[in-house]
Amino acid sequence: MDCQGKTHTLKTLEQVRGKLSEARSISVLTGAGISKPSGIPTFRGKDGLWRSCRAEDLATMEAFLRNPRLVWDWYLYRRKLISSCSPNPAHYALVEIEIKVNDFLLITQNVDGLHKMAGSKKMVELHGNIFTSKCLNCGFVREDFSLEYEEMPLCKKCGGMERPGVVWFGETLPEGAMESAAASASACDVFLVIGTSGVVQPAASLAVLARSSGAFVVEINFEKTPLSEVADITLTGDAAEILPLVVGDNL
Ligand code: BV8
Ligand code: ZN
């Protein structure tokens with residue numbers, strides 16, 4: 001298919017379909033772009049979330065300690081937005097792969113929970129989940145679907161101040177998350193990189209690790225990214241349209 005603005009041809013789609021059907025193990029790295037068709041703005045780019053504010057202003061511990069109300073309001077605003085969104089065909093296509101390929105891991109940078117909602121089970125949320133809160137004092141993490149907070153939330157266990165349960169810039173990833181992601185990326189036959197600008201580390205380094213470990217790397221994005229150079233094939237276009245095409249019933 002070679003419609004306007006798309007550079008994936010039937011041939012490249014067939015090639016990716018073939019690689020997926022032969023693969024004994026498949027790993028996937030997703031970013032905000034996979035949730036864009038569900039109505040959730042991405043982080044960067046013209047209509048990005050960060051457009052009206054820079055990551056440094058909100059997604060850091062310093063920003064939170066300086067103004068917890070502002071940072072909580074930003075996360076509650078995003079929780080409200082996400083609560084009205086549902087998974088799209090790209091999320092469901094990845095669930096289909098997980099069901100059909102025994103050795104599978106979905107590694108997501110997204111905190112929106114849409115992969116879980118779509119039914120993904122074998123998954124690592126590298127940057128946490130927006131519908132959790134964590135105590136600054138004792139570290140207790142709880143599921144938290146609140147969309148409003150009159151007062152700043154306090155930990156039920158120790159009374160300490162709670163923060164959104166996501167990974168901020170300058171913070172280390174959840175215990176073991178990067179280890180399982182790296183183990184999967186370095187052992188897989190096919191590594192899919194979907195809807196990420198490839199600028200946030202160490203997540204983006206997983207595609208480089210996969211390639212250097214011999215995986216066939218496929219990138220799905222509207223634009224070229226720093227990861228395009230490690231991709232064997234780049235399918236340019238909307239993941240919600242492309243993924244169902246390559247995951248067809250041939251797996
Ligand atoms: C850390 C949670 C150890 C919060 C987020 C090297 C090594 C280690 C660290 C660093 C390093 N270099 C720099 C660092 C520091 C920093 C970093 O990476 N900075 C960047 C900006 C340069 N990394 C860290 O701080 C990490 N911590 O490494 O700890 C450490 C500690 C101290 C000092 C050193 C090391 C923690 C990073 C985690 C930050 N938290 N999110 C929240 O969500 O509020 S990151 C945030 O960006 C989201 O998780 C998001 O997913 C992620 C990445 O963005 P993308 O998902 O790629 O989204 P983006 O909008 O950028 O792009 C969307 C893409 O989709 C576009 O390309 C678009 O074209 C495409 N698209 C759009 N629609 C579609 C589509 N594609 C297909 N179909 C569509 N329909
Ligand atoms: Zn506590």
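Good morning. Two strands are counted as paired if DSSP finds at least two bridges between them. With that criterion in mind, I turn to the structure, which is a predicted model.

I begin with the sheet. Six strands form an open sheet with parallel pairing, in the order E3-E2-E1-E7-E8-E9. The edges are held by strand E3, residues 123-125, and strand E9, residues 233-236. Each of these two has a single partner strand, so one side of each is left without a neighbour in the sheet. On average, neighbouring strands are turned by 15° against each other, direction ignored.

Within this sheet, consider one pair in detail. Strand E1, residues 25-30, and strand E2, residues 103-108, are joined in the parallel sense over six bridges. In this pair, Ser 25 stands opposite Asp 103 of E2.

Next, the helices. Helix H1, residues 10-22, lies across E1, E7, E8 and E9, and runs at about 125° to E9. Helix H5, residues 89-100, lies across E1, E2 and E7, and its angle to E2 is about 150°.

I now come to ligand 1. Which residues come nearest to ligand 1? Of the 37 residues around the ligand, they are Arg 44, Tyr 75, Glu 171, Ser 197 and Glu 223. Glu 223 also places a polar side-chain atom 2.6 Å from an oxygen atom of ligand 1. For His 127, a polar side-chain atom lies 2.8 Å from a ligand oxygen atom. Gln 109 contributes through its backbone, where a polar atom is 2.8 Å from an oxygen atom of ligand 1. On its own, ligand 1 has 1,500 Å² of accessible area, and the protein covers 77% of that.

Thank you.

Technical notes. Residues are numbered from 1 along each chain as its sequence is written. Chains are lettered from A and ligands numbered from 1 in the order in which they are written. This is a predicted model: local features need pLDDT of at least 70, side-chain atom pairs count only at pLDDT 80 or more; totals for chains, interfaces and linings use all residues. Side-chain values use heavy atoms; hydrogens and water are left out. Helices (H or I, at least four residues) and strands (E, at least two) are DSSP runs, numbered from the N terminus. Axes are lines fitted to C-alpha atoms, for helices over the stretch in contact, and angles run from 0 to 180 degrees between N-to-C directions. Contact means heavy atoms within 4.5 Å. A residue is near a molecule or strand if one of its heavy atoms lies within 4 Å of it. A polar contact is a pair of N or O atoms within 3.5 Å; within protein, one must be able to donate a hydrogen and the other to accept it, and residues adjacent in sequence count only if both atoms are side-chain atoms. Accessible areas come from the Shrake-Rupley method with a 1.4 Å probe; for residues, only the protein chains shown count as cover.
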